[in-house]
Amino acid sequence: MAGTSVQSAALADHQFLRGMPRDQLDRLATVATLISVPAGHRFFEAGGVPRKFWLIRAGQVALDCDAPGRRIVVETLGRGELIGLSWFLAPVPWQFGAVAVQPTEAFEFDAGVVRGYCDEDPAFGYQLTRRLLAAAAGRLQATRAKMLDLSVQLAARDS
């Protein structure tokens, strides 16, 4: 999982960061690394301590959680999406796990450094917070849809 440094122009093209002011992208680029991982690579497990987060450039990553006897995929993320929300609220642990379901290329960030940037620069923090809240809202909807789907499956099985 070797990484290469990132230019702010590459970040500006990412859907999650589109429209972010150039000086803020320049700041993010100082702690961004472009990584490539194979299918099956586990980014993190539920309950772990968030130290990094990722923006998917190519590939797909499944968000999952353990259930009795199996692992449930809550949502599959793709190009332009954020892997990980809990890093922003440290020391809140990861709520889900994340695993690459195909070879994936992503921008990787040091969560502690980025949180520090948010503390130092309220405008930067505001820009990231707006984007994180939008991602969180999408995750809540995906989780709700998965729960409804599972309840329908259980009801069908029990009838």
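Reader: Hi! How far apart are the mean positions of the positive and negative charges in this protein?
Author: They are 3 Å apart, for 17 positive and 16 negative charges. Lys and Arg count as positive, Asp and Glu as negative, with His and the chain ends not counted; each charge is placed at NZ of Lys, CZ of Arg, CG of Asp or CD of Glu.
Reader: Nice. What sort of model is this?
Author: This is a predicted model, where local features need pLDDT of at least 70, side-chain atom pairs count only at pLDDT 80 or more, and totals for chains, interfaces and linings use all residues. Residues are numbered from 1 along each chain as its sequence is written, and side-chain values use heavy atoms, leaving out hydrogens and water.
Reader: Okay, new topic: how many helices and strands are there?
Author: The protein has 4 helices and 9 strands, taken as DSSP runs (H or I, at least four residues, for helices; E, at least two, for strands) numbered from the N terminus.
Reader: How do β5 and β6 pair?
Author: β5 (residues 61-67) and β6 (residues 70-77) are antiparallel, with 7 bridges; pairing requires at least two DSSP bridges between two strands. Aspartate 66 of the protein sits opposite arginine 71 in β6.
Reader: And what's in the turn?
Author: The hairpin has 2 residues between its strands, and glycine 69 in the turn has a positive phi of about 80°.
Reader: Which other strand does β5 join?
Author: β5 also runs antiparallel to β8 (residues 97-100), through 4 bridges. There, aspartate 64 faces glycine 97 in β8.
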